[in-house]
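Please prepare a briefing on the structure shown below, grouped by topic and with the cut-offs behind each term stated once.

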Amino acid sequence: MTISMRYMGTKRSLAASISDAISRRHPNATILDAFSGLCAVGSELAPKHVVFANDIHHFAENVARSILLAPLRAQSISSVRDAMLPHYEENLGALREAVGELYDLEDRMLARANSDRGLTRFRLYALAQMAKSVPRRFHGLPTLERYKGSPQTFPYSLATQYFSNAYFGLRQAMQIDSIRYAIDCVAVSSRARLLCALSQAMSLCSASPGHFAQFFVPRDDANSALVVRMRRRDLFSAFVAALEAVKPIQCYSRTSNRTFCSDATTLLETKRGYLSGLPLIVYADPPYSRAQYSRYYHLLETIALYDYPACDGKGRYRQDRHLTGFSHKAHVADAMDAFVSAASDTGAGLYFSYPSNGLLQRAGECVEDVLSTHYRHVSLLAEVPIRHSTMGGAPGVAAYDALERIYFASDDRRLH
């Protein structure tokens with residue numbers, strides 16, 4: 001399965017070697033991937049192990065569900081498309097009626113943006129639309145209060161009201177809403193796969209730097225041409241193409257795999273009795289920088305939840321987005337200690353991946369000290385050079401070199 005989304009801190013380049021190390025040392029273990037993200041490590045482990053995948057974000061859990069739990073024999077792409085299309089067109093037609101001439105205006109602006117004069121007109125149009133208040137009020141739609149009270153009110157319009165003329169063009173946002181409506185109308189066993197494909201399509205079509213912390217503003221010709229190019233992309237076509245890639249993988253025991261959407265420490269604490277009865281190994285790859293993941297992926301989370309949230313900031317972030325102590329210098333030591341303590345209390349061995357220059361070290365603490373506080377034996381298994389993307393968070397710096405350290409901690413000396 002190929003998930004074509006850029007993701008902060010992904011261990012895709014290390015996943016195979018991490019999986020091999022775990023499988024070689026613990027061939028019969030159940031693996032809990034505590035910060036699963038896009039399930040890079042879990043995907044490598046699943047053919048040989050029962051895998052439990054956990055992430056705090058709902059869109060990430062959908063990724064795990066589509067890989068680890070979805071039926072192996074998925075419906076054909078054509079049958080899925082044919083089932084969704086009437087519902088998609090129904091919602092899109094209702095939105096077109098609601099937004100009126102704005103839909104045709106955008107089409108004209110994009111069509112004429114090939115000339116210098118047309119590009120200038122597009123820039124002025126786009127900047128004027130970006131200046132509108134958010135959520136955007138369209139008089140042909142039900143009130144926002146009604147949507148908040150009943151999010152499944154027809155027509156679906158969350159992306160149209162919150163994210164049009166920013167991360168996406170108006171037509172693209174309407175397509176997102178209409179795909180989301182069609183998913184709710186037809187999906188049962190394939191729901192996670194369809195939501196995952198929608199996330200991938202949004203990532204491909206967004207006028208943003210590979211994430212959703214900010215969107216491109218057409219301040220000059222170069223940025224304007226980039227925004228035009230991205231807004232011309234057809235999101236429904238991108239969604240159908242993504243379905244080709246978003247497919248389940250062969251698993252050791254698909255019926256035994258589990259997914260969770262929880263804070264990792266809370267999961268270990270609340271499920272300790274259950275987890276303690278398993279031959280469990282925990283793999284942990286916690287956040288390592290000041291960047292809060294929820295800021296970079298809030299849009300994917302909001303479309304997954306589809307709840308018309310309160311939002312703020314230029315990036316239109318959900319006000320209730322998750323903020324983790326792992327990404328706060330004053331709290332990272334406590335967050336790390338609480339997690340490792342909870343893992344140890346289950347009796348599980350812990351594989352722990354963290355860079356040599358992470359936020360914990362910058363806070364004056366040491367990974368080995370935290371691990372050895374709760375485990376009798378700690379081994380450094382590998383140090384691997386890796387490039388960490390800044391995801392646009394450091395102007396002029398696309399990525400920086402780091403040394404990823406893989407530790408193993410347990411109370412059994414024979415495993416070291």
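Helix α16 is mostly covered, with 7 of its 8 residues buried, where buried means under 20% relative accessible area, exposed means over 50% and partly exposed lies in between, for a 1.4 Å probe and protein chains only. The model is predicted, so local features need pLDDT of at least 70 and side-chain atom pairs count only at pLDDT 80 or more, whereas totals for chains, interfaces and linings use all residues. Residues are numbered from 1 along each chain as its sequence is written, and side-chain values use heavy atoms, with hydrogens and water left out. Helices (H or I, at least four residues) and strands (E, at least two) are DSSP runs, numbered from the N terminus.

**Helix α16 and the residue that follows**

- The buried residues of α16 are His298, Leu299, Leu300, Glu301, Thr302, Ile303 and Ala304.
- These buried residues pack against α3, α8, α9, α10, α15 (293-296) and β6, with contact meaning heavy atoms within 4.5 Å.
- Just after α16, Tyr306 takes a positive phi of about 50 degrees, although Tyr306 is not a glycine.
- Tyr306 lies in the loop between α16 (298-305) and β5 (311-312), and its relative accessibility of 4% is why it counts as buried.

**Other backbone features**

- Most residues other than glycine have a negative phi, and most peptide bonds are trans.
- Arg316, in the loop between β5 and β6 (317-318), has a phi near 60 degrees, a positive value in a residue other than glycine.
- Arg316 is buried, with a relative accessible area of 6%.
- The peptide bond from Val134 to Pro135 is cis, with omega near 0 degrees, and Pro135 is placed in the loop between α6 (116-130) and α7 (144-149).
- A cis peptide bond also runs from Phe154 to Pro155, with omega near -5 degrees; Pro155 lies in the loop between α7 and α8 (158-162).

**Packing of α9 and α10**

- Two packed helices are described by the angle between their axes and the distance between the axes.
- Helix α9 (residues 170-186) packs with helix α10 (residues 191-205) at an angle of about 175 degrees, their axes being 10 Å apart; axes are lines fitted to C-alpha atoms, for helices over the stretch in contact, and angles run from 0 to 180 degrees between N-to-C directions.
- That angle makes α9 roughly antiparallel to α10, since angles over 145 degrees count as roughly antiparallel, under 35 as roughly parallel, 65 to 115 as roughly perpendicular and the rest as oblique.
- On the α9 side, Gln172, Ile176, Ile179, Arg180, Ile183, Asp184 and Val186 meet Arg191, Leu194, Leu195, Leu198, Met202 and Cys205 of α10.
- By class, the contact of α9 with α10 has 9 nonpolar, 1 polar and 3 charged residues, where Ala, Val, Leu, Ile, Met, Phe, Trp, Tyr, Cys and Pro count as nonpolar, Asp, Glu, Lys and Arg as charged, and the others, Gly among them, as polar.

**Cysteines**

- The structure holds 0 disulfides, a disulfide being a pair of cysteine sulfur atoms within 2.5 Å.
- Cys205 is in no disulfide, and the nearest cysteine sulfur, that of Cys196, is 15 Å away.
- Cys205 counts as buried at 1% relative accessibility, and Cys311 counts as buried at 17%.

- Ser66, in helix α3 (residues 58-68), counts as buried at 1% relative accessibility, and a polar atom of its side chain lies 2.7 Å from the backbone oxygen of Val63.
- Ser353, in strand β7 (residues 349-355), is buried with a relative accessible area of 0%.
- The side chains of Ser353 and Glu404 are joined by a polar contact of 2.6 Å; such a contact is a pair of N or O atoms within 3.5 Å, of which, within protein, one must be able to donate a hydrogen and the other to accept it, and residues adjacent in sequence count only if both atoms are side-chain atoms.

**Helix α13**

- Leu268 lies in helix α13 and is buried, with a relative accessible area of 1%.
- Not counting residues up to four places away in sequence, Leu268 touches Leu32, Leu275, Val282, Phe339, Ala342, Ala343 and Thr346.
- The C-alpha atoms of Leu268 and Leu32 are separated by 9.8 Å, the two residues being 236 residues apart along the chain.
- Thr266, also placed in helix α13 (residues 264-270), counts as partly exposed at 35% relative accessibility.
- Thr266 and Gln172 are 94 residues apart in sequence and 38 Å apart in space, C-alpha to C-alpha.
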